[in-house]
Every structure is written in structure tokens, then in C-alpha cells.
Amino acid sequence: MQPILKVQALSKTFKIRDRFFLRKKFKVLEDISFCLSKGETIAIIGETGSGKSTLAKILAGAEVSQKGQILLEGKVIEDDGKRKTSCRDIRLIFQDASKSLNPGITIGKTLNEILLMNTHYDAAQRQESIKNNLLKVGLLAEHQDYYPHMFSGGQLQRIALARALILEPKVLVLDEALSSLDPSVRAQTVNLLLKLQQETGLSYVLITHHLSLVKHMSDQTLVLDQGKVIEAGKTQALFIKHKSKITQRLLNC
Ligand SMILES: Nc1ncnc2c1ncn2[C@@H]1O[C@H](COP(=O)(O)OP(=O)(O)OP(=O)(O)O)[C@@H](O)[C@H]1O
């Protein structure tokens, strides 16, 4: 079966200045490759600074790579640093949902603007889509009239999810998206994500420091160290048998 997402030899270099203000190149990702099937989850783990968030941003089109390809359903969407299509099929959710919401406008308006910019829906269709998406993530239709400060942390993460889902993406990239939630809200959100995955065949790229989430949610796991893949495989197998000391250290956390 053709993978929904295929990443081939993706590399990224940042230009930085060292302490003597000299220009230096810093390789943050080197030759990253993986495949993700429809309805599957891949976890990306690694020590701090290993390049996980940079990879998440590149996948979602918020940052560009320098080399390598990203293919979605067999079609090249990024080729050696050139993004070919819009990023509505791969959506990113990060840790603090409130930071990405405009505090001055209601949730309904935020969702409506996304639909206005990305679809040809008329007003009635947009209203229907907003209502359905809020219900899909376990919120109420009335919540569209609320402002971001009127929600709890868990509800804000659900809004981030509704905002990501409203354009019917194929892949969701969850960059520590569940980390700031307290354990019971996190468990509810995980169940919601798994239910959505079962119902719609969504695929997830899960970036997290929480090993219990990796075990519970992911089919395969990729271990990054200093921008390189040092180990990859089926999650269950990787937890039982791994070769690298870094993986050992991460799994013992
Ligand atoms: N825009 C940038 N310019 C220069 N260096 C950057 C930039 N963004 C990230 N980096 C560097 O790239 C490296 C990887 O950062 P990244 O945020 O991808 O790591 P991470 O694995 O997500 O870390 P964490 O687990 O702490 O979130 C870090 O050394 C970081 O300082």
C-alpha cells in the first residue's frame, strides 16, 4: 500500500553566528527518511535539541528544508527546499494552543476565517462545518461565540484540534501537543485522537517526551540524535530491543 506520507533524505541547515559573530552553518537535520501509512502514527523521540520541532515545522510547511523530498500520497509536495502545494493536508498542533489563537476574536470567527481563505463554502456551509468540527472534538456548537480566555487548557487543545481538522487534513503533526495537559485531560484527548483516527483514517506524527503516549499511540518510532535517525522500527519491538545507548537512555526516563 502506498504510504500517505513519505520523507526522503530530508536535510536542513541553519545559518548561525558563533560567539565571535562569524557566520557558521549548523546542520539541524541530516538525511531523515521515513514512511507513514494511512491511519498510522509515527512517534519521533529524541533528546532536547535533536531537531524534532524543526522536522515538525518542515512537514507542516512552516519551515523549508534544503534537501530531500516530502511526498504526500505519492505526490512530491516539497523538493530540495521548494514547497509545491499549500500545507492544508498536513497540519501542525503545538504545545500551547492559546498562543496560536487571537485573543480578540471568537473561536467561530477564527474558524470562519480559515474556511473563507481556503474553501469556496458559502456562509451556511461554513457555519455547518464550524458546528460539526466543534462537535467532533467534544465541544458544543455554542462555543463558537466564546473567546479563547473563556476556555480551559484542555478545551483550548480541542479548539486547536478543531482548527487543524476543519480543512480535512490527511496528516496531523502533534508537537508536544498533549504535554501541558494534566493527566486526566491528556487521557481524554488521547482517546479523542484515537477515535478520530479510527473514524477518519487520519495519520499522526507524534512528537513527545511522554513515553507512555509513544507506547499507547504509535505504531512506529523514530529516534533522532543531533539531527540524524539513529534508530527506527515498530514501537513495541523498539521498546523491547534497541541498539543505541541514546534510545536506552530515552526509554529509561
Ligand atoms: N531558527 C533557528 N535558527 C538557528 N537555530 C535553530 C533555529 N531553530 C532551531 N534551532 C536549533 O536547532 C536545534 C534543534 O532545535 P529543535 O527545536 O528542532 O529541537 P527539539 O528536538 O524540538 O528540542 P526540544 O525537545 O527541546 O523541543 C537546536 O539546537 C536549536 O537551537
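This is a predicted model: local features need pLDDT of at least 70, side-chain atom pairs count only at pLDDT 80 or more; totals for chains, interfaces and linings use all residues.
1. The buried residues of H2 are Ile107, Thr110, Leu111 and Asn112.

2. Two packed helices are described by the angle between their axes and the distance between the axes. For H2 (residues 107–118) and H3 (residues 123–136), the angle is about 125 degrees and the axes are 10 Å apart. That angle makes H2 oblique to H3. The crossing in which H2 passes H3 is right-handed. On the H2 side the contact is made by Gly108, Leu111, Asn112 and Leu115, and on the H3 side by Arg126, Ser129, Ile130 and Asn133. By class, the residues of this contact of H2 with H3 comprise three nonpolar, four polar and one charged.

3. The packing of H2 with H4 has an angle of about 20 degrees, and the axes of these two helices lie 10 Å apart. H2 and H4 are therefore roughly parallel to each other, since angles under 35 degrees count as such. Their crossing is right-handed. From H2, Ile107, Thr110, Leu111 and Ile114 meet Ile159, Ala162 and Arg163 of H4. The residues of the contact of H2 with H4 divide into five nonpolar, one polar and one charged. Leu111 of H2 takes part in the contact with H3 and also in the contact with H4; Leu111 is one of the buried residues of H2.

4. Helix H4 (residues 153–165) has 13 residues, which at 1.5 Å a residue should span 18 Å; the end C-alpha atoms of H4 are 18 Å apart, which agrees. Of the 13 residues of H4, 10 are buried, so H4 is largely enclosed by the rest of the structure. The buried residues run through Leu156, Gln157, Arg158, Ile159, Ala160, Leu161, Ala162, Arg163, Ala164 and Leu165. Their cover includes the helices H2, H3 and H5 (183–200) together with the strands S7 (90–94) and S8 (171–175). Ile159, Ala162 and Arg163, which meet H2, are among the buried residues of H4.

5. Helix H5, part of the cover of H4, contains Ala187. Ala187 counts as partly exposed because 15 C-beta neighbours lie inside 10 Å, and a residue needs 20 or more to be buried. Ala187 and Tyr147 are 40 residues apart in sequence, and their C-alpha atoms are 25 Å apart in space.

6. Most residues other than glycine have a negative phi. Glu73, however, has a positive phi, near 50 degrees. Glu73 is found in the loop between strand S4 (67–72) and strand S5 (75–79). With 13 other C-beta atoms within 10 Å, Glu73 is partly exposed.

7. Gln226 likewise has a positive phi, of about 45 degrees, although it is not a glycine. The loop between strand S10 (220–225) and strand S11 (228–234) holds Gln226. Gln226 counts as partly exposed, with 15 C-beta neighbours inside 10 Å.

Conventions
Residues are numbered from 1 along each chain as its sequence is written. Axes are lines fitted to C-alpha atoms, for helices over the stretch in contact, and angles run from 0 to 180 degrees between N-to-C directions. Helices (H or I, at least four residues) and strands (E, at least two) are DSSP runs, numbered from the N terminus. Angles under 35 degrees count as roughly parallel, over 145 as roughly antiparallel, 65 to 115 as roughly perpendicular and the rest as oblique. A crossing is left-handed if the near helix is turned anticlockwise from the far one by less than a right angle, and right-handed if clockwise. Two residues are in contact if their C-beta atoms, placed from the backbone, lie within 7 Å. Ala, Val, Leu, Ile, Met, Phe, Trp, Tyr, Cys and Pro count as nonpolar, Asp, Glu, Lys and Arg as charged, and the others, Gly among them, as polar. The expected span of a helix is 1.5 Å times one less than its number of residues. A residue is buried if 20 or more other C-beta atoms lie within 10 Å of its own, exposed if 12 or fewer, and partly exposed in between; C-beta atoms are placed from the backbone.
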